Amino acid sequence: MIEIRELSKSFGTRKVLDKVSFEVGASEVVFVLGKSGVGKSVLLKNIVGILEPDSGSVRIESKTVTSDRAVLKEIRKTCGMVFQFPALIDSLSVKENLKLGLRGHQTLDSEASMNEKAISTLKLCGLPESLLEKFPADLSFTMQKRVSVARALALDPKFLLFDEPTTGLDPVLTAQTNELIRHLAKVSRVGIIVVSHDMTSAIHFAHKIILLEEGRVAFSGGGEEFRKSKVPLAVSFLKEAHVF
Amino acid sequence: MSSNYFVAGIQEIGQVAIFFTRLTGIFFRKGVRIRDIVHQMFEAGVRSVPITVTSGLFVGAIMAIQINEQLKDFGAQSFLGGLTTSVTIRDVGPVLIGFLLSGKVGAYTIAELGTMKVTDQVAALECLGIDALEFIVLPRLVAVFISSFLLLVVGLTLTVFGGAYFSMLALQINVQNYMNNVPQLITTASIVVGVVKSLLFGMLIGVISCYKGYTTVGGAEGVGKSVKNGSVLILVWIVILDFGISTLSRLIQEIFGVL
Ligand SMILES: Nc1ncnc2c1ncn2[C@@H]1O[C@H](COP(=O)(O)OP(=O)(O)OP(=O)(O)O)[C@@H](O)[C@H]1O
Ligand SMILES: [Mg+2]
């Protein structure tokens, strides 16, 4: 379980997160919604300890996220992150990018088993094997993004944080990615946080929706509840997304 | 306000020192992969060869013209080669070529690391259990240090030829005569000072560019800022270090009678 308790984070005088609390259990898919710039990416970065909160805490499987490198490494082994930027390493091939986590966290010991894992995760994400020897610069942005999803999956994490996994994808790929997320939660029992602007997906398969507004949780609850919510931002989001 | 800048400046020196200590620690504990260094040296160093060669030759030529102006009033032009070479290698050469490299090797490294930082490549590595300092910063530091040092040495050597060639071409001075008193006036001391400066400037360019790149925040705009601030910082420190080393070498000379 990921437990986020009263998390606050400011940059200079600007308070980006203000006492944000929620939980994510195994097999659960939590969607985080909010306007651009509200602090969704900052929230995810606080969860895996890339940013340090000013106050409040994050616990993942009863380990508290600190600035201690050894603890962080332990936590990051079980909690993967897909960044808003694809964040592939430009100087490494797709194959080497996919193997980075396996090397860093030493989950597999032989090159052969790492290569095998790289191929199988690529396939799981619906990507062709021919990508393996390509470099990030040869791929489109969305393709890079999908490879970065595969890179996080290669570690078989118990929790996954997705920062806008479908932004920019065509409807078919969006559906495919959503299906993958659902599959991971249901079959592999992964606890998942998805930051997204995709209202339809949120309402259809989120177990829980967290709506951030001005640093606070303006709404928290299931998709059906969200649809009936009177929270002004929720109402306007629904209206603009034409989800009724 | 100005005292704030001063305090911030001092703090930054402290942070750079901590950063450097961490990297040295990793270097001695874990070493660094030769393949990564070679790759980076090619990226940042080899591309700077043409510019270093050109500027080396011209710096030599410019110094020869200036010193010739002074010497000819005393009819002492026979010392031109020796004086030009000595002054260029000790002082003007390292500074000017160092400036050039800060804009080329330094800026390249800051931009590259800065881009990796603001596009979350650095954070992604950390999430994948890889120490970004060890994996991407250290190889760059070593590569920038080695390439800057080598480029400085090449550039300095070429100043000698630039001076000689230009003296022959434009000042109608016989190359033989020009070179004649080079060995007399250019002492071991000049060479030592030149090499020491090249080593330190190389290290300076490496450390500051890696630090500025690695600590970049704020998107593409932030990368631009880091490149600008970093390059200027390197220039300032080259001048300060140059002054320091020159003063120190003079002191050593006075006290021990060498250098
Ligand atoms: N490292 C940082 N230093 C200073 N300010 C930052 C930093 N990271 C983020 N911010 C600021 O925090 C705020 C929230 O940023 P964040 O990237 O989390 O927004 P977001 O909700 O993910 O937006 P988007 O939908 O556009 O991705 C922004 O105003 C941003 O400028
Ligand atoms: Mg974001």
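A polar contact is a pair of N or O atoms within 3.5 Å; within protein, one atom must be able to donate a hydrogen and the other to accept it. The model examined here is predicted.

One such contact in chain A joins two side chains. The side chain of A:Ser41 meets that of A:Gln84 at 2.8 Å. A:Ser41 sits in helix α1 of chain A, which spans residues 40–47. With neighbours within four places in sequence set aside, A:Ser41 is in contact with A:Gln84 and A:Asp163.

A:Ser41 also faces ligand 1 through a polar side-chain atom, which lies 2.7 Å from an oxygen atom of the ligand. There are 14 residues around ligand 1. Those that come nearest are A:Arg14, A:Gly37, A:Lys40, A:Ser41 and A:Gln84. A:Lys40 approaches through its backbone: an N or O atom there is 2.8 Å from a ligand oxygen. For A:His197, an N or O atom of the side chain is 3.4 Å from an oxygen atom of ligand 1.

In chain B, a helix pair was examined. Helix α4 (residues 80–118) packs against helix α10 (residues 219–256) of chain B. The angle is about 150 degrees, and the axes are 8 Å apart. Because angles over 145 degrees count as roughly antiparallel, α4(B) is roughly antiparallel to α10(B). The contact of α4(B) with α10(B) comprises twelve nonpolar, eleven polar and four charged residues. The crossing of α4(B) past α10(B) is right-handed.

Conventions:
Residues numbered from 1 in each chain as written. Chains lettered and ligands numbered in written order. Predicted model: local features only at pLDDT ≥ 70, side-chain atom pairs only at ≥ 80, totals over all residues. Heavy atoms only, no water. Axes fitted to C-alpha atoms, helices over the stretch in contact; angles between N-to-C directions. Helix = DSSP H or I, 4+ residues; strand = E, 2+ residues; numbered from the N terminus. Parallel < 35°, antiparallel > 145°, perpendicular 65-115°, else oblique. Left-handed = near helix turned anticlockwise from the far one by under 90°. Nonpolar A, V, L, I, M, F, W, Y, C, P; charged D, E, K, R; others polar. Contact = heavy atoms within 4.5 Å. Near = heavy atom within 4 Å.
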